[in-house]
Amino acid sequence: MRVINATEGLDATGRTTHLSLAIEGAHIARIGGAVDAPEDVIILPALVNAHDHARPLRSSSVGGFGKPLETWLHRLSMMAPVDPYLAALAPLARAALGGQGAVMIHHVRPMGGTDYMTEAEAMARAARDVGVRVALGIGMRDSNPLVYAAHDELLASLEVPVRAEIEARFLSQPMMPIKDQLARVDAVAAALGGPMFDVQYAPNGPQWCSEPLWEAIAEASARTGRRITTHLYETKYQRAWADRNYPKGMLKRWKEIGLLSPRLTLAHCVYAEPDELEMIAEAGCTIVTNASSNLALRSGIAPVAEMLKRGCKVAMGIDGQAFDEDDDALREIRLLWSLHAGWGFDRAFEPSTVLRMALEAGREAVGAGEGGRLAEGQPADLLVIDRAALDDDALMPVDPIELLFARGNRAHVRELMVAGRSVVRNGRLTGGDLDAAQRELRAAYRGAMPSRAGFAQAWAGFEKAVCAHYLNRFGCC
């Protein structure tokens with residue numbers, strides 16, 4: 001049994017001073033107070049990143065800065081296939097160093113150029129080595145590989161060399177049949193699924209999936225109990241697409257086919273309408289808001305206060321696009337508060353609400369079950385913050401939640417514990433070598449850059465055509 005004596009304990013329910021916390025196995029065995037000579041630390045539940053993509057390196061390194069999602073996604077093809085183990089270990093290691101005890105990976109783009117089971121096994125091994133909980137959402141799609149419509153007109157507008165490059169890059173492989181996509185999820189879940197590695201259906205989003213695919217996923221989830229995670233209304237162009245293709249309401253159709261349920265996670269919802277939020281709340285779905293990503297990809301600012309007002313369960317995600325591209329979840333909760341909690345004297349919610357999003361609401365979305373509070377019997381998924389470093393000015397007593405939301409970041413992480421295992425200690429990983437992994441990844445990507453020369457040359461013409469497509473089809477809507 002391990003005992004941690006802390007000056008402060010903090011979760012969404014409030015603050016405890018002079019906390020004694022005993023850990024036995026993977027759970028909190030006992031909590032008490034009034035300890036002598038406690039460590040000058042703040043202990044709180046580990047943060048949960050309920051939506052991510054676990055990208056090996058920063059997308060701005062391949063020219064991804066300032067691009068809307070609709071071109072940014074294509075730009076990621078500048079990143080060649082690399083070792084899938086290293087591709088998973090690096091982002092999961094950064095996540096742990098940033099305070100994340102659990103990460104949901106929406107795996108829309110395999111990194112290894114190998115068969116899917118081999119890649120999934122490598123990801124599971126990386127998760128074990130780092131020590132964090134992972135939910136693997138296996139990407140599913142069967143529509144619209146280039147734009148949110150038939151792409152014949154777009155291809156016809158390209159110069160011949162550009163068209164040839166784009167067809168080879170994005171259209172050379174046929175879409176996998178629906179039954180095979182479902183079978184792949186089932187196979188990975190049977191081989192790798194468990195308490196620390198959840199496997200989910202992860203359709204990429206409405207504009208990339210046909211009606212038969214949505215119906216098949218809804219039926220499979222109801223039959224198996226397996227969770228579904230998807231993107232919804234991330235950009236204004238996706239909103240316009242949905243309104244055009246579902247004039248009677250897309251979420252009404254999803255309700256009809258049984259897709260809306262407590263098993264469904266919806267990432268973003270930047271352009272969700274109030275009546276849709278009420279449908280989402282009524283069905284018990286979880287919304288994951290991704291503040292940094294929405295800014296980085298020029299998507300907008302999600303109506304988080306309205307989501308809460310309408311009764312939605314809201315969790316926090318980083319989406320592989322933390323504000324400094326460093327997977328720092330502590331900085332992310334500060335940004336979430338700053339953008340969404342209201343202006344002036346009008347507060348839509350308190351910092352404790354953000355803690356609930358980051359500590360509790362996401363656990364169901366990542367298949368981690370109950371947790372996120374400092375209480376006996378809860379999972380020993382814990383984050384220990386160096387309170388003295390956080391309050392290095394030390395002028396007067398200040399509530400630790402104020403200090404955390406004013407300046408907390410990964411530099412203040414003393415320890416991260418997941419299921420009773422010390423994953424980060426004194427600011428360093430106990431499993432996995434992040435520096436070595438990033439060195440190998442950078443070398444691999446640099447070595448593969450010549451193979452991307454044709455795509456780089458074709459990019460300007462392709463990007464211009466994609467931009468024209470969305471402006472001509474959807475205008476400023």
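Glu 463 counts as partly exposed because its relative accessibility is 23%, where buried means under 20% relative accessible area, exposed over 50% and partly exposed in between (1.4 Å probe, protein chains only). The structure is a predicted model, in which local features need pLDDT of at least 70 and side-chain atom pairs count only at pLDDT 80 or more, while totals for chains, interfaces and linings use all residues. Residues are numbered from 1 along each chain as its sequence is written, and side-chain values use heavy atoms, with hydrogens and water left out.

The side chain of Glu 463 meets that of Lys 67 in a salt bridge, at 2.9 Å from N to O; the term denotes a side-chain nitrogen of Lys or Arg within 4 Å of a carboxyl oxygen of Asp or Glu. Glu 463 belongs to helix α18 (residues 453-474) and Lys 67 to the loop between β5 and α1 (69-75), so the pair ties together parts that are 396 residues apart in sequence. Helices (H or I, at least four residues) and strands (E, at least two) are DSSP runs, numbered from the N terminus. Lys 67 counts as buried because its relative accessibility is 13%.

By this rule, the count comes to 29 salt bridges. Among them is the one between Glu 8 and Arg 15, with an N to O distance of 2.8 Å. Here Glu 8 is buried, at 8% relative accessibility, whereas Arg 15 is partly exposed, with a relative accessible area of 43%. Asp 328 and Arg 331 form a salt bridge too, their closest N and O atoms being 3.5 Å apart. A network of salt bridges links Glu 211, Glu 215, Arg 253 and Glu 256.

Turning to the strands, an open sheet is formed by 8 strands in the order β3-β2-β1-β4-β13-β14-β15-β16, with mixed pairing. Its edge strands, β3 (27-33) and β16 (428-429), each pair on one side only; two strands pair if DSSP finds at least two bridges between them. Strand β2 (residues 14-24) runs antiparallel to β3, and 6 bridges join the two. Glu 24 has His 27 in β3 as its bridge partner.

Strand β5 (residues 47-52) is mostly covered, with 6 of its 6 residues buried. It runs parallel to strand β6 (residues 100-107), to which 4 bridges join it. Within this pair, Val 48 stands opposite Ala 102 in β6.

The surface carries patches as well, made of residues with over 30% relative accessible area and no salt bridge, like charges being joined within 9 Å and nonpolar side chains (Val, Leu, Ile, Met, Phe, Trp, Tyr) within 5 Å. Asp 83, Asp 433, Asp 435 and Glu 440 form a negative patch. Glu 440 lies in helix α17 (residues 434-448) and is partly exposed, at 46% relative accessibility. A nonpolar patch consists of Leu 295, Ile 301 and Phe 323, which together have about 290 Å² of accessible area, computed by the Shrake-Rupley method with a 1.4 Å probe. Leu 295 is found in helix α11 (residues 291-296) and is partly exposed, with a relative accessible area of 33%.

Notes: Lys, Arg positive; Asp, Glu negative; His and termini not counted. Charge placed at Lys NZ, Arg CZ, Asp CG, Glu CD.
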